[in-house]
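Please look over the model below together with these notes, which take up a few local features in turn.

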Amino acid sequence: MQLVNQQVIKVDIIEIESIYLERNVKVECFLPDFVNDNRSVDLLLINDGQNMEELGLAAILRNLISGQEISPLFCVGIYAGDRKTEYGTTGVLDYLGRGYKAGSYTKFIFEELLPLIKSTYNIMSFTSKAFAGFSLGGLSALDIVWSHPREFQKAGVFSGSLWWRTKALDEGYDENTDRIMHTKIREGNYAPGLQFFFEAGAQDETMDRNNNGIIDSIDDTLGMMEELVKKGYTLPGDVCYLELQDGKHDIATWAEAMPVFLKWGWRRKA
């Protein structure tokens, strides 16, 4: 274990030899300064942990916690392997057969990562658990939260790859049936207590496959929110949406959105 810095937020780097993923997984742990005293703590897992330095997560957390804008939060950034195989939707491959290790990634989270975090930091339990991610990592985070509502309470999806589909656009694609995550929500069950944060940028992309004047990334996000509302979740109580007019499909945009997400999910109570 390598100690990187010691301030309001400490950053540890841990490496896990994963049986399920058959690779060495690096995780970056952002710890509030009380974690080692056995108290319960809120946990946020974040996909694409290799981007946390560029995102500026340590500084974001330090500023929000020091300013008493959010409650102390334990964040863990998970470095990605092959994103197109490990990220995806468990049990359903996309039309190119991608995401076939999504089930193994989920097993890694529950059977390797979470037990290691608890034992390493002597944490008896987490007050709550959330999962967030960007692009394909956002799709992965949403899929894991939705599939495990007794384990996770919040999902954060930044420019999520919610287009993930079972058919190519030129093979009879129908967005009402072929968007995988939308179908999972539609066919799943309402679980009380779940909350969802979605961010989309008006410049995420330029594609508009149904020619309705709305780029696909926003269209797919709005469609996802509609499915959640039909399932019984409320806007804005259970589902929060942030659309950034200058937002792009990049880390700078997600860094801008991250404080909004953190204050939405962990705003410090008076």
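1. Where is the place of Asp48? In this predicted model, Asp48 sits in the loop between β4 (41–47) and α1 (52–55), and its phi is near 55 degrees, a positive value in a residue other than glycine. Most residues other than glycine have a negative phi.

2. Pro236 belongs to the loop between α7 (216–231) and β9 (239–248). Most peptide bonds are trans.

3. Turning to helix packing, the axes of α5 (residues 136–147) and α6 (residues 180–187) come within 11 Å and cross at roughly 15 degrees. Angles under 35 degrees count as roughly parallel, and α5 and α6 are therefore roughly parallel to each other. The crossing of these two helices, α5 and α6, is left-handed.

4. On the α5 side of this contact are Leu139, Leu142, Asp143, Trp146 and Ser147, which meet Met181, Lys184 and Ile185 of α6. By class, the residues of the contact of α5 with α6 comprise 5 nonpolar, 1 polar and 2 charged.

5. The largest pocket holds about 200 Å³ of space and has a lining of 14 residues, of which Trp163, Glu205, Asp216, Ser217 and Asp220 lie nearest its centre. The lining of the largest pocket divides into 2 nonpolar, 6 polar and 6 charged residues.

Terms used. Residues numbered from 1 in each chain as written. Predicted model: local features only at pLDDT ≥ 70, side-chain atom pairs only at ≥ 80, totals over all residues. Heavy atoms only, no water. Axes fitted to C-alpha atoms, helices over the stretch in contact; angles between N-to-C directions. Helix = DSSP H or I, 4+ residues; strand = E, 2+ residues; numbered from the N terminus. Parallel < 35°, antiparallel > 145°, perpendicular 65-115°, else oblique. Left-handed = near helix turned anticlockwise from the far one by under 90°. Contact = heavy atoms within 4.5 Å. Nonpolar A, V, L, I, M, F, W, Y, C, P; charged D, E, K, R; others polar. 1 Å grid on protein atoms, 1.4 Å probe; cavity = no way out; pocket = protein on both sides within 12 Å on 5 of 7 lines; lining within 4 Å. Points joined across faces, edges and corners; volume = space filled by probe spheres on them.
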